[in-house]
Amino acid sequence: MSANLDADRVRWPGSGSLVTSGSVPFGYYLKESCSAGESTFENDCSSSAMWAAKRLGYPIVDIELIDVNFYACFEESVLEYNRVVNEFNIVNNMADLTGVPQSQFPNLTGLGVKSTGLPFVVQLSKQYGSEALVNGETPLKRNFIYVSSSMAGSEQLYDLNKLIGDEIEHLTGSRIEIRRVFHHRPPAIARVYDPFSMTGMSYGNILSEMGFGAYSPATQFLMTPLFEDLLRVQAIDLNDMIRKSNYSFEIVGNNKLRIFPIPTHNFKLWVDYYLEKDKNITNFYSGSRYEYVSDPSDIPYEYCKYCKINQPGKQWIKKYFLALCKETLGRILQKYSTVPIPGGEVTLDGAELRAEAKDETSTLIEKLRDMLEKSLRVNQLENKDKESDAMNKMLSRVPLHIYIG
Amino acid sequence: MAAPTTRQYPKQNPAFPQYWTDGRKDVGVYNDKYLPGRFFSRRDMNLLGSVNAELFSDIVEVVVQVFKIALSETNVNIYGESVSSQGKMFYPAIDLTCLAEREDITGENGSKFGPDRNQNVVFRFRERDCIITNFFPELGDIVLYNERFYEMDNVVQEQFLGGHPDKSWSLIVNTHYTRLSKLNIVQRQT
């Protein structure tokens, strides 16, 4: 035929135009600096388009896709691969990276994260530390109440609300939580040499031991093992506890403190407390918003370099790309449920293509995630553990005492 | 005899003003970017055209030759009929793809003029092909198919995508098997 009846046919012509920023939607992987021998995005994009067209039936049948459709699918495949791998990295390193200044790692893609995760654990444990009174991050505050010994006013019961709580609440706007009451008998060790403690060694002994007995150099020395001191301390404690009024306290009723024994002299009773607002407030990393890594959305994993993706990765990308091409082609062919032809209509296989594509993309994503999950740090350690057990088992069957000369 | 040079397809020929759109130049045949209606846009039409082209050209591949009657070259008698000694004159054939829907061929023996054979065939052309090849089928035109000649009896142009006349999709031609003696196309024994 002389006239060109194929002039406006929409179909893959057999090859595509040059892959440039104008022919791919985003262009994240264009013009990378790659080493010699590494396949670039541009080359793979172009060759994959030709491969996919052939897998879809070209040149036996027309493929109603043109180069920009293929290129968009290819770029999306790389982006999808990139996304899944980055998600894996985020999950794997979340604990290690939370709280790290963003400026420290502008882009973590392609960097191996070496960390034990301890900084995060320590950070978390500070809150436990507060509860255990072992240097947590909540400031522990101290205050006192006056304990009176006058006969008229000797009090065992002290209203903590009235004496401390209300005043602090007035000043700080927060209720308090009493964590420690310093109401103890004097330490027994201070009375080891107390001649009136019934178990003491008398001052005479201590003066002699220190060289002051009888105003002359020591003339006698008592050599005792340390456990004797400990036994003596224990004896003093038990004596005080059983034969005397034991020092103790309890919280009764509505935040009332009852102390034992009945006070016989005036003193300050010190208490340690937390402000509730200090404990309850959520602690943020100091600094401005987005200054520190806070959640999966701002861990700095960015676009990878296409040419650095290894062979299995590139193969995954190609397979996913083919599935996306099927989906796109199916969508195109299915825009109209039937295609009019002169005097009739035909039904195309768009629906089958889309179903096939959906199945393939799901399977590919699932397989990739499965593979990545196996390489999670915790799973690698488990595998190493199993490997070690297996190795030991195997070695246990190796005959011992074999000498090879 | 050369092929016709004037536009044969009425919608592209200003000689047929009835196909224009109220004389407007921004719509209709004078603006090939104009396609009314929300469905079947130009891109859609191109896609559907591609599928049709593949079906016609690469899958079904029924190619016929069509001969346009050359009225100005045909000598007529006082009744307006072609002179029997000279017959009808046709332009050179062009190739077109189509879908052919054939009825069974039948024979008549009862006629006093001797046995005769009849067959009706419907040829379905893509209108777009007719436009590009500058061929508009008309009554009297001849289709060569299966080494038989079929004369056009009727041309149906009623398949409008989205119901829009500007999106006419086909030209369906009803033909009947014609005798070689009526044509001036094949050299025959005299």
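**Ground rules.** I'm working on a predicted model, where local features need pLDDT of at least 70, side-chain atom pairs count only at pLDDT 80 or more, and totals for chains, interfaces and linings use all residues. Residues are numbered from 1 along each chain as its sequence is written, chains are lettered from A and ligands numbered from 1 in the order written, and side-chain values use heavy atoms, with hydrogens and water left out.

**Interface.** I looked up the contact (heavy atoms within 4.5 Å) and got 23 residues from chain A and 31 from chain B. The buried area (accessible area, 1.4 Å probe, that two parts lose on being put together, summed over both) is about 2,200 Å² between chain A and chain B, with carbon and sulfur atoms giving 62%.

**Salt bridge.** I found 1 across the interface of chain A and chain B, taking a side-chain nitrogen of Lys or Arg within 4 Å of a carboxyl oxygen of Asp or Glu. A:Lys335 and B:Asp44 make this kind of pair, at 2.8 Å, N to O.

**A:Leu395.** I placed this residue in helix H10 (377–396) of chain A, a DSSP run of H or I with at least four residues.

Notes. Helices (H or I, at least four residues) and strands (E, at least two) are DSSP runs, numbered from the N terminus.
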